[in-house]
Amino acid sequence: MNEKRTGVPDGETCIICGVCKPEGIHLYTSFVCTACEAEIVATEPDAPKYDYFVKKLRSVKAPPLYS
Ligand SMILES: [Zn+2]
């Protein structure tokens, strides 16, 4: 018995939570799921968690350069 697998969302791996989600936004070449995006927006800049997000996002915005 083979079930037809149609409509299965592929999704992408979120850089924040590391979970494969079908919906989210793209930051440069990386992906942030809608849940994490909402959490980042709702996080105060002086909250400890904000620093964690910034570090994750910084790795996206500043890819390693080889000289
Ligand atoms: Zn996420």
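Two strands pair if DSSP finds at least two bridges between them. Keep that rule in mind for the first stop. The model on screen is predicted.

**Stop 1**

Now pick His26, which stands opposite Phe31 in β4. Move to the turn. Two residues lie between the strands of this hairpin. Tyr28 takes a positive phi there, near 55°.

Stay on β4 and show its side chains. Ser30 and Val32 point one way, while Phe31 and Cys33 point the other way. Which of these are buried or exposed? All of them are buried.

**Stop 2: the zinc ion**

Select the zinc ion and its protein donors. These are the SG atoms of Cys14, Cys17, Cys33 and Cys36, lying 2.3 Å from the ion. What is the geometry of the site? It is tetrahedral, because the angles among the four donor atoms run from 103 to 120° and four donors count as tetrahedral if all angles lie between 85 and 135 degrees. Along the chain, the donors follow the spacing C-x2-C-x15-C-x2-C. Cys14 and Cys33 link distant parts of the chain, 19 residues apart. Cys14 sits in the loop between β1 (12–13) and β2 (20–21), and Cys33 belongs to strand β4 (residues 30–33).

Colour these two by accessibility. Cys14 has 2% relative accessibility, so it counts as buried. Cys33 has 1%, so it is buried as well.

**Stop 3: the nonpolar core**

Next, select Cys14, Ile16, Phe31, Val32, Cys33, Cys36, Ile40, Phe53 and Leu57. These nine residues make up the largest nonpolar core. Which elements give two or more residues to this core? They are β4, α1 (34–42) and α2 (48–61). The largest share, three residues, comes from β4. In soluble globular proteins, nonpolar side chains tend to be buried together.

Centre on Phe53. Leaving aside residues up to four places away in sequence, Phe53 touches Ile16, Glu39, Ile40 and Thr43. Ile16 and Ile40 are core members too.

**Stop 4: the salt bridges**

How many salt bridges does the structure hold? There are two. Side chains of opposite charge can pair when their charged atoms come close.

Lys49 counts as partly exposed because its relative accessibility is 43%. Glu39, at 31%, is also partly exposed.

Now go along helix α2 to Lys55 and Asp51. Here the closest N and O atoms are 3.3 Å apart. The two residues are four apart in the helix, so about one helical turn separates them. Lys55 counts as exposed, at 54% relative accessibility. Asp51 is partly exposed, at 41%.

**Stop 5: Thr34**

Finish on Thr34, in helix α1. Its relative accessible area is 40%, so Thr34 is partly exposed. Show its contacts. Leaving aside residues up to four places away in sequence, Thr34 touches Glu23 and Gly24. Then draw a C-alpha to C-alpha distance from Thr34 to Lys21. It reads 8.5 Å, for two residues 13 apart in sequence.

Definitions and conventions. Residues numbered from 1 in each chain as written. Predicted model: local features only at pLDDT ≥ 70, side-chain atom pairs only at ≥ 80, totals over all residues. Heavy atoms only, no water. Donors = N, O, S within 2.8 Å, 3.2 Å for Na, K, Ca; no water. Tetrahedral: all angles 85-135°; square planar, octahedral: opposite > 155°, others 65-115°. Buried < 20%, exposed > 50% of the residue type's maximum accessible area, 1.4 Å probe, protein only. Core = buried A, V, L, I, M, F, W, Y, C linked by side-chain atoms within 4.5 Å. Contact = heavy atoms within 4.5 Å. Salt bridge = Lys/Arg side-chain N within 4 Å of Asp/Glu carboxyl O.
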